[in-house]
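Subject: The structure we talked about

Hi,

Here is the structure I promised to pass on.

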Amino acid sequence: MDFSAISRVKITHAPTPLEFAPRLSDELGCHLLIKRDDCTGLAGGGNKVRKLEYLLADAQNQGADTLITIGGLQSNHARQTAAMAAKFGLNCELVLEDIQGTPKKDYYHNGNVLLDNLFGANIHKLDIGQDCDIYAENLFKKLISHRRRPYLIPVGGSNVIGSYGYIRCANEILEQIAYQNIKIDQIVLATGSAGTQAGLLAGMIAANSNIPVLGICVSKSTQEQAILVEALLRKILVSLGLNPDLAKDKVKCNGNYVGGGYGIVTDGMVSAVKRCSKLEGLLLDPVYSGKAMSGLIDLCDQGIIPTGSNQLFIHTGGSQALSAYQEVF
Ligand SMILES: Cc1ncc(COP(=O)(O)O)c(C=O)c1O
């Protein structure tokens with residue numbers, strides 16, 4: 001398949017920088033490079049911009065006038081979808097679930113919620129445990145009956161189309177490390193709805209690269225997450241005309257840093273966010289990149305990530321949620 005022929009709107013500020021983190025590297029004992037996907041541009045940046053380039057093009061091809069998506073109340077994906085809709089003159093309906101156990105002082109009005117409202121999105125706030133998928137499907141049907149043309153983006157933008165954004169990112173990384181003449185031993189990133197890790201792996205496989213990609217889970221156990229990522233990876237490979245069995249043994253996840261669950265604060269996350277801020281002037285987030293970095297730090301401390309190895313951390317964004325968690329910091 002000619003990957004470059006797939007419809008896409010060009011929004012991402014790419015290539016995003018690949019930066020060395022010298023002070024954090026000194027403390028961790030490894031050579032740490034950070035892929036700044038928090039700097040993708042739209043709405044403060046983050047990983048979803050790359051996915052939305054493909055999803056929005058698909059929505060346009062289908063003649064959509066409204067984007068619907070789903071997430072937690074402080075979803076970064078929802079914020080970036082709302083901005084994308086605003087930029088392209090579409091309506092945006094966000095189905096957002098309250099998350100049990102998250103700090104509540106600023107959760108309902110600050111952070112991403114404040115920005116969703118600025119982008120003009122219509123927020124449907126669901127109670128803890130209410131089923132977002134069913135609500136979104138009903139909303140979809142209701143909009144159709146009102147002669148609107150909705151386009152439903154799954155949670156995290158994680159379907160085959162959205163994941164194409166991370167095939168592009170894989171190619172971007174491979175070009176950057178070739179140009180900078182660096183050997184990378186491992187890529188580390190936060191993994192949730194799975195499209196970022198699956199797309200990245202698909203890009204690596206398609207390019208015949210064997211760099212391991214470790215997903216630090218933000219919501220599921222190691223095994224549950226690996227199953228989710230591999231299922232999506234297989235579908236992406238099929239869509240590219242590649243053998244889905246190339247996915248075998250490629251998916252590596254670590255569920256030891258989730259703590260109490262999605263969006264729930266861990267000591268390791270708080271410490272990782274503070275450490276990166278103070279050592280590198282780098283803002284992580286409380287739900288994804290903070291937990292992923294807490295995993296990377298702990299794996300270095302335990303010696304599981306070898307001293308002197310070259311690690312590439314993909315900063316997937318999310319610092320817009322920090323103010324919703326202010327009492328924690
Ligand atoms: C900041 C941030 N990092 C990482 C992720 C995880 O990406 P994925 O859902 O594709 O696994 C998300 C998902 O919303 C995110 O917002």
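Let's start with Ser271, which sits in helix α9, residues 267–280. Helices here are DSSP runs of H or I with at least four residues, strands are runs of E with at least two, and both are numbered from the N terminus. With a relative accessibility of 39%, Ser271 is classed as partly exposed. On that scale, buried means under 20% relative accessible area, exposed means over 50%, and partly exposed is in between (1.4 Å probe, protein chains only). Ser294 is 23 residues away from Ser271 in sequence, and their C-alpha atoms are 7.5 Å apart in space.

Before you go further, keep in mind that this is a predicted model: local features need pLDDT of at least 70, side-chain atom pairs count only at pLDDT 80 or more, and totals for chains, interfaces and linings use all residues. Residues are numbered from 1 along each chain as its sequence is written, and side-chain values use heavy atoms, with hydrogens and water left out.

Now the whole chain. It has 10 helices and 10 strands. Its radius of gyration, taken over C-alpha atoms, is 19 Å, close to the 20 Å from the globule rule (2.2 Å times the number of residues to the power 0.38) for 329 residues, so the chain is as compact as a globular protein of that length. The C-alpha trace spans about 60 × 50 × 35 Å along its principal axes. Of the 329 residues, 56% are buried. Contact means heavy atoms within 4.5 Å, and among the contacts with a separation of 6 or more, 80% are between residues 24 or more positions apart.

Next, the inside. In soluble globular proteins, nonpolar side chains tend to be buried together. I use "nonpolar core" for a set of buried Ala, Val, Leu, Ile, Met, Phe, Trp, Tyr and Cys residues joined through side-chain atoms within 4.5 Å. The largest one here has 37 residues, and those touching the most other members are Tyr164, Ile173, Ile187, Leu200, Leu233, Ile236 and Leu312. Elements that each give at least two residues to this core include α6 (160–179), β7 (186–191), α7 (195–206) and β10 (310–315). The largest share, 8 residues, comes from α6. A second, separate core has 31 residues, Met84, Ile99, Ile153 and Ala324 among them.

Leaving out neighbours within four places in sequence, Leu200 is in contact with Tyr166, Cys169, Ala170, Ile173, Ile187, Val213 and Ile314.

Helix α4 (residues 111–118) is worth a look too: Gly111, Asn112, Val113 and Asp116 are buried there. Which elements cover the buried residues of α4? The cover includes α3 (76–87), β4 (91–97) and β5 (122–126). After α4 comes Gly120, with a positive phi near 85 degrees.

Asn181 is not a glycine, but its phi is positive, near 55 degrees. You will find Asn181 in the loop between α6 and β7, and Asn181 is exposed, with a relative accessible area of 71%. Ala194, also not a glycine, has a positive phi of about 90 degrees. Ala194 is in the loop between β7 and α7. Is Ala194 buried or exposed? Ala194 is buried, with a relative accessible area of 2%. There is also a cis peptide bond from Ala14 to Pro15, with omega near 0 degrees; Pro15 is in the segment before β1 (18–20).

Ser158 is in the loop between β6 (150–153) and α6, and at 13% relative accessibility it counts as buried.
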